[in-house]
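Hi,

Here is the model I promised to pass on. Have a look, and my notes follow below.

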Amino acid sequence: MRQRPSGRRPSFHHAFGLGGLSFLLSGLLALGSSIATARLYGIDVIGEFALAYAPTGAVWFLSSAREQPALIRLLAPLPPQHPRVTGLFVPVLAFSTALTLVASAIAAAGTYLLFNGPIDHPGLFAPAMVSLGAYVLFTNPAWNVDGVLSAFRAGGDLLWIRAHQMAAYLAFAVAASFFWPSVWGLIGAASASWVTSLVHRLWVLPKWMSWSVPRGEIREGFRELPDILRFGLKMTPGSLANGVSDQLGTWILGAHGSLSAVGAWNRAWGLSQRFVELNYRITEIVFPTLVERHVGEDRGGFDRALVDSQRYVAGAMLLPAAVGGGAAAAVMGLFGPGFSSAATALALVLLIPALTTILDIQASALLAVERPVATTLLAGTRLAATIPLTLVLTISMGVTGAALGVTLGYVLQLAVQSVVVRAHLTEPVLRLWPARQFAGLLAAY
């Protein structure tokens, strides 16, 4: 591929704004996709897709030693197309691919046992394996490329890549509904959207990373890989804990509820997770900024970037949570018959995008100041609370109980984590985020 002229790292505020715009555009496309696929495929197929895709969701977390944040931490201070960028990216991609293959093999074995055992849906094993294969071949490389784009705050490129991916999924899913109106249509659409968006990513990557560098840079990158992995492994248990916490609702409902309950939960949870997209859009901009300011010993700038990001996110994300919660019954009714059983669940899980994004911004600050172990301990706190809460509440209250258990776990982690992060600020939080503004925000919600 032809090398393009070197890109220039955008400013924090410019990239932050593009991240918000990317979220809005992706959110509209995601909402359209959720409604269209629910209408075209029906609640049972949506439930089957939720179960078939669950192993891929688990591998999403199991296949990471958190090497990508560790890589971004090293790339953020470098200029675009610096030879060291490629030298570090290649060994990290090689390690990520190998780990993904191992995690997928383990997930495949576990899926076979679960689908032929307590979950009792053996017919979903084949589509689950196709989804896993697409993750290994296309999704994992795409996420590694996104790490490079994030390190250079390439908000514009990321915006159009994500919009392309969502639009492609919608187009493929609608087309497949006429020829393949089963779980296979949705699995195929999801896989195809990653194929085309990976091509898009590879097209824009040369603006930020050179394709050709001296072999010595690659060898040096492999020598640095152990240090990268040591940093990442300190937060890996936390990533795994977060993944398990988020998948508990689907697995527990799959074991103790009906297929229609899983389908209704999937649409409610999936809609909230579409808003979590803002989390990725924002943290991929905030984290390299916090690293730059910490390395440059700009403590005031570090504090402002951290607290301002949380203020903007809280204001922007509590609004749709309030509106969506109030209209939850009508929103779930858009998906078709049977989905309204998850209306209360939707009102609860719509709080999760705001909670997730604030938590991840705070976690970015802990990683920037080289406190990865703290992120693991805090994630473990949420998992320890979420398991018993979700199990007991799901068995007693169904879909609503699953939503309540998962949401309460997030609230507990935020309460503890806010205290931990405050210790790393040089200015009082109330000076950067006045109490009256905070109180007014909660009152408005």
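Which residues does Ile228 touch, not counting residues up to four places away in sequence? They are Glu67, Ala70, Leu71, Leu74, Leu88 and Val92, where contact means heavy atoms within 4.5 Å.

Before the rest, a word on the ground rules. This is a predicted model, so local features need pLDDT of at least 70 and side-chain atom pairs count only at pLDDT 80 or more, while totals for chains, interfaces and linings use all residues. Residues are numbered from 1 along each chain as its sequence is written, and side-chain values use heavy atoms, with hydrogens and water left out.

Back to Ile228: you'll find it in helix α8, residues 215-233 (helices are DSSP runs of H or I with at least four residues, numbered from the N terminus). Ile228 is buried, with a relative accessible area of 3% (buried is under 20% relative accessible area, using a 1.4 Å probe and protein chains only). One of its contacts, Val92, is 136 residues apart from Ile228 along the chain, yet their C-alpha atoms are separated by 8.4 Å.

Thr407, in helix α16, is buried too, at 5%. Leaving aside neighbours within four places in sequence, Thr407 is in contact with Leu348, Val349, Ile352 and Leu355.

α16 (399-422) also turns up in the largest pocket, as do α11 (299-326), α14 (352-368), α17 (429-432) and α18 (435-444), each giving two or more residues to the lining. A pocket here is an open set of points on a 1 Å grid over the protein atoms alone, with protein on both sides within 12 Å along at least five of seven lines, and lining residues have an atom within 4 Å of a point. The largest pocket has a volume of about 570 Å³, volume being the space filled by probe spheres set on points joined across faces, edges and corners. Of its 22 lining residues, Gln310, Leu414, Ser418, Trp433 and Phe438 lie nearest the centre. α11 gives the largest share, five residues. By class the lining has 18 nonpolar, three polar and one charged residues (Ala, Val, Leu, Ile, Met, Phe, Trp, Tyr, Cys and Pro are nonpolar; Asp, Glu, Lys and Arg charged; the others, Gly among them, polar).

There are also three cavities of 30 Å³ or more, a cavity being a set of grid points where a 1.4 Å probe fits but cannot get out.

Cheers

Definitions and conventions
Buried < 20%, exposed > 50% of the residue type's maximum accessible area, 1.4 Å probe, protein only.
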